[in-house]
Amino acid sequence: MIREDIERLLGEIDALKCKTQKEVEEARVKFLGKKGEVTRLFEEFRTVAPELKREFGKTLNELKQTAAAKIEELKNAVGDEAAASAPKQDLSMPGDPMPLGSRHPVSIVRQEIVDIFRKFGYDVSEGPEIEDDYHVFEALNFPQNHPARDMQDTFFVSAGHLNPLLLRTHTSSVQVRTMEKMPLPIRVICPGRVFRNEAISARAHCIFHQVEGLYVDENVTFADLKQAILLFAREMFGAETEIRMRPSYFPFTEPSAEVDVSCNICHGKGCNICKGTGWLEILGCGMVDPNVLEASGIDSRKYSGFAFGMGLERIAMLKWRVNDLRHYFENDMRFLSEFSTSTEV
Ligand code: PHE
């Protein structure tokens, strides 16, 4: 009878299948537990005739070992199965990348312009954004009530008295401050943020950025101005770039001009960027009015100078063909990340 039981149990143990650790434990209790089937056979073994004890003892021990080994095997296998169905973790995988910031297009253009003029020997000069009327207008030959003040719609910080505070409408104010305190000759560029009370549209904004330049020395002529602008334009827009000057008016320069560069998109043939003209307006310039030199204590009979000024948003629009100025101020990541590869300029 024991023999049959052993045979049966061996068969059962061999066919044993478990899906969970709980089932393995149940199987262990069933066969090897205190009241388990193998344990029960050991009890029965006591009643076996002595001459058979040797034989049965051996097979019974084998059965116990087989059962223990099978349970152990199942324990491990079920463990593996559980691990296999768990989400896979590849510890060699790189971590989630941190998005890298990038330079703002206006900042990229500003740096490019500053680098070009540094090569020409210009220093960078900066000044306050909240300025007084004197440095933004008066010293630049805009007399009180002069109609030219209307060219630059001003935000006033404090109105009413003789020299009100206001948000600078151009960085020419920095040029005045430079002429007041720096020894001659002067060669500076003045990058900075400026403010004008304009309705916001695709072409205009109440905040924008300028780089203005000033060169004052003995015998500075219009030819020097033209050469400086031509060299700048070729560095900025490419070696084949041509410039053309159109007469213009600014209170602080005489004569004054507006400068166009040849359209580097259609190369003069005419396209929708240059509105079919082949030319793109980029800056205003002129010979510093003697009144402006004198206001800052510079002898206009001995010294002369030229000045120029350009809007950075406009240059960036031309460079990257951006069609709406408002993109520069909205901080939309989809727009800003377009420029991430250009940060090294
Ligand atoms: N300050 C002028 C502007 O803001 C630009 C300019 C600078 C023109 C220097 C001539 C000379 O429009």
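So, helix α7: its buried residues are Ser-172, Ser-173, Val-174, Gln-175, Val-176, Thr-178 and Met-179. Before I go on, a reminder that this is a predicted model. The helix runs over residues 172-181, and with seven of its 10 residues buried, α7 is largely enclosed by the rest of the structure. What does the covering? Among the elements over those buried residues are β2 (130-132), α6 (133-136), β5 (186-195), β6 (207-218), α9 (290-295) and β10 (303-311).

Ser-172 sits in α7, and its relative accessibility is 0%, so it counts as buried. Which residues does Ser-172 touch, leaving aside neighbours within four places in sequence? The partners are Leu-140, Glu-212 and Phe-252.

In the loop between α7 and β5 you'll find Pro-185, and the peptide bond joining Leu-184 to Pro-185 is cis, with omega at about -5°. There's another cis bond, from Glu-254 to Pro-255, and omega there is near -5°. Pro-255 isn't in a loop, though; its place is in strand β8, residues 253-262. For context, most peptide bonds are trans, and most residues other than glycine have a negative phi.

Which brings me to phi. Asn-145 has a positive phi, near 60°, and it isn't a glycine. Asn-145 lies in the loop between α6 and β3 (156-158), and with 73% relative accessibility it counts as exposed. Lys-275 is another non-glycine residue with positive phi, near 50° in this case. Lys-275 is in the loop between β8 and β9 (279-288), and at 67% relative accessibility it counts as exposed.

Now over to the N-terminal helices. Helix α1 covers residues 2-15 and α3 covers residues 37-45; they pack at about 165°, with axes 11 Å apart. Parallel or antiparallel, then? That angle is over the 145-degree cut-off, and α1 and α3 are therefore roughly antiparallel to each other. The way α1 passes α3 is a left-handed crossing. From α1, the contact uses Ile-2, Asp-5, Ile-6, Arg-8 and Leu-9, and from α3 it uses Glu-37, Val-38, Arg-40, Leu-41, Glu-44 and Phe-45. Sorted by class, that's six nonpolar residues, five charged and no polar ones. If you're looking at the numbering there, remember that an α-helix has 3.6 residues a turn, so residues three or four places apart point the same way.

And α3 has another partner, α2, which is residues 21-32. The axes of α2 and α3 come within 3 Å and cross at roughly 10°, and those helices are therefore roughly parallel to each other. Here Lys-30, Phe-31 and Leu-32 of α2 meet Glu-37, Val-38 and Thr-39 of α3. The class count for that contact is three nonpolar, one polar and two charged.

If you compare those lists, Glu-37 turns up in the contact with α1 and again in the contact with α2. So what about Glu-37 itself: buried or exposed? At 17% relative accessibility it counts as buried, because the cut-off is under 20%. Leaving out residues up to four places away in sequence, Glu-37 touches Arg-8, Leu-9, Lys-30 and Phe-31. With Arg-8 there's a side-chain to side-chain polar contact at 3.4 Å.

One more helix pair and I'm done. Helix α5 (residues 105-119) and helix α8 (residues 222-237) have axes that come within 10 Å and cross at roughly 135°, which makes α5 oblique to α8. This crossing is right-handed. On the α5 side we have Val-109, Glu-112, Ile-113, Ile-116, Phe-117 and Lys-119, and these meet Phe-232, Glu-235 and Met-236 in α8. By class, the contact of α5 with α8 has six nonpolar residues, three charged and no polar ones.

Conventions. Residues are numbered from 1 along each chain as its sequence is written. This is a predicted model: local features need pLDDT of at least 70, side-chain atom pairs count only at pLDDT 80 or more; totals for chains, interfaces and linings use all residues. Side-chain values use heavy atoms; hydrogens and water are left out. Axes are lines fitted to C-alpha atoms, for helices over the stretch in contact, and angles run from 0 to 180 degrees between N-to-C directions. Helices (H or I, at least four residues) and strands (E, at least two) are DSSP runs, numbered from the N terminus. Angles under 35 degrees count as roughly parallel, over 145 as roughly antiparallel, 65 to 115 as roughly perpendicular and the rest as oblique. A crossing is left-handed if the near helix is turned anticlockwise from the far one by less than a right angle, and right-handed if clockwise. Contact means heavy atoms within 4.5 Å. Ala, Val, Leu, Ile, Met, Phe, Trp, Tyr, Cys and Pro count as nonpolar, Asp, Glu, Lys and Arg as charged, and the others, Gly among them, as polar. Buried means under 20% relative accessible area, exposed over 50%, partly exposed in between (1.4 Å probe, protein chains only). A polar contact is a pair of N or O atoms within 3.5 Å; within protein, one must be able to donate a hydrogen and the other to accept it, and residues adjacent in sequence count only if both atoms are side-chain atoms.
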